[in-house]
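Please read it with the coordinates open.

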Amino acid sequence: MQERLNQIIEKKGLTATKFAAMIGVNASTISHILAGRNKPGFDIINNIAKTFPDLNLTWLITGNGSMDNSPVQEEKNPVITEPTLFDMEPTEKQNTPVMSDKNVKLEETRDPITSVRSLIKQTKKIKRIILFFEDGSFEDYEKE
């Protein structure tokens with residue numbers, strides 16, 4: 001399993017820390033699995049499956065078959081991509097008041113991405129996003 005996780009990380013061009021953040025686990029959890037100290041449980045495998053739907057779960061669990069799902073299956077289920085936060089254009093540029101940080105409050109009951117998209121439509125175009133994780137780490141995304 002640890003070798004297959006290494007293959008996923010390498011193929012996707014990730015670090016172990018970024019991979020851990022993407023699947024929603026602590027970096028130390030992935031580190032222990034990659035070092036062979038622990039084996040991944042159902043939750044980790046489930047998170048990997050959700051994060052990487054193109055991954056062949058039979059291969060991930062048993063090592064049999066190919067890493068990716070067959071091309072026939074991919075054609076039947078095309079991936080629909082949404083515009084990224086960087087690509088979204090604000091609406092009503094001229095009549096939109098500038099919002100200060102004090103005025104910006106995301107509704108806790110809604111999905112954060114939906115709230116951010118709503119905010120983007122009202123204000124300016126996003127240039128940079130910084131995500132802070134519970135373990136104290138962060139990811140910095142800047143439009144090139």
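This is a predicted model: local features need pLDDT of at least 70, side-chain atom pairs count only at pLDDT 80 or more; totals for chains, interfaces and linings use all residues.

The points below go from the overall fold to helix packing, then to side-chain pairs and the surface.

1. The protein chain holds seven helices and two strands. Along the sequence the order is α-α-α-α-α-α-α-β-β.

2. The protein chain has 144 residues, and 23% of them count as buried. Its accessible surface is about 10700 Å², with 52% belonging to carbon and sulfur atoms. Among contacts with a separation of 6 or more, 51% come from residues 24 or more positions apart.

3. Helix α3. This helix spans residues 27–34, and I30, I33 and L34 are buried in it. These residues sit on the same side of α3, because they cover an arc of only 95° around the axis. Just after α3, G36 adopts a positive phi of about 85°.

4. Helix α4. Which residues are buried here? They are I44, I45, I48 and A49. Their directions fall within an arc of 140° seen down the axis, so the buried residues line one face of α4. F42, D43 and K50 are exposed on the other side. The buried residues of α4 pack against α1, α2, α3 and α5 (57–62).

5. Aromatic pairs. The count is two. In one of them, F19 and F52 are stacked, with 5.9 Å centre to centre and 10° between the planes. This pair links distant parts of the chain: F19 belongs to helix α2, F52 to the loop between α4 and α5, and they are 33 residues apart.

6. F132 and F138 form a tilted aromatic pair, 6.1 Å centre to centre with 40° between the planes. Both F132 and F138 are exposed. F132 lies in strand β1 (residues 128–132). Its relative accessibility is 65%, which is why F132 counts as exposed.

7. Salt bridges. How many does a search of the whole structure find? It finds two. K11 and D68 meet through their side chains at 2.2 Å, N to O. The partners come from distant parts of the chain, 57 residues apart: K11 from helix α1, D68 from the loop between α5 and α6 (71–76). K11 is partly exposed at 46% relative accessibility. D68 is partly exposed as well, with a relative accessible area of 23%.

8. The bridge to K12. D54 forms a salt bridge with K12, and the closest N and O atoms are 2.9 Å apart. D54 is in the loop between α4 and α5 and K12 is in helix α1, so the pair ties together parts that are 42 residues apart in sequence. D54 counts as partly exposed, with a relative accessible area of 28%. K12 is partly exposed at 29% relative accessibility.

Methods: Residues are numbered from 1 along each chain as its sequence is written. Side-chain values use heavy atoms; hydrogens and water are left out. Helices (H or I, at least four residues) and strands (E, at least two) are DSSP runs, numbered from the N terminus. Buried means under 20% relative accessible area, exposed over 50%, partly exposed in between (1.4 Å probe, protein chains only). The arc is that of the directions from the helix axis to the C-beta atoms. Contact means heavy atoms within 4.5 Å. Rings of Phe, Tyr and Trp (its six-membered ring) pair if their centres lie within 6.5 Å; planes under 30 degrees apart count as stacked, over 60 as edge-to-face and the rest as tilted. Accessible areas come from the Shrake-Rupley method with a 1.4 Å probe; for residues, only the protein chains shown count as cover. A salt bridge is a side-chain nitrogen of Lys or Arg within 4 Å of a carboxyl oxygen of Asp or Glu.
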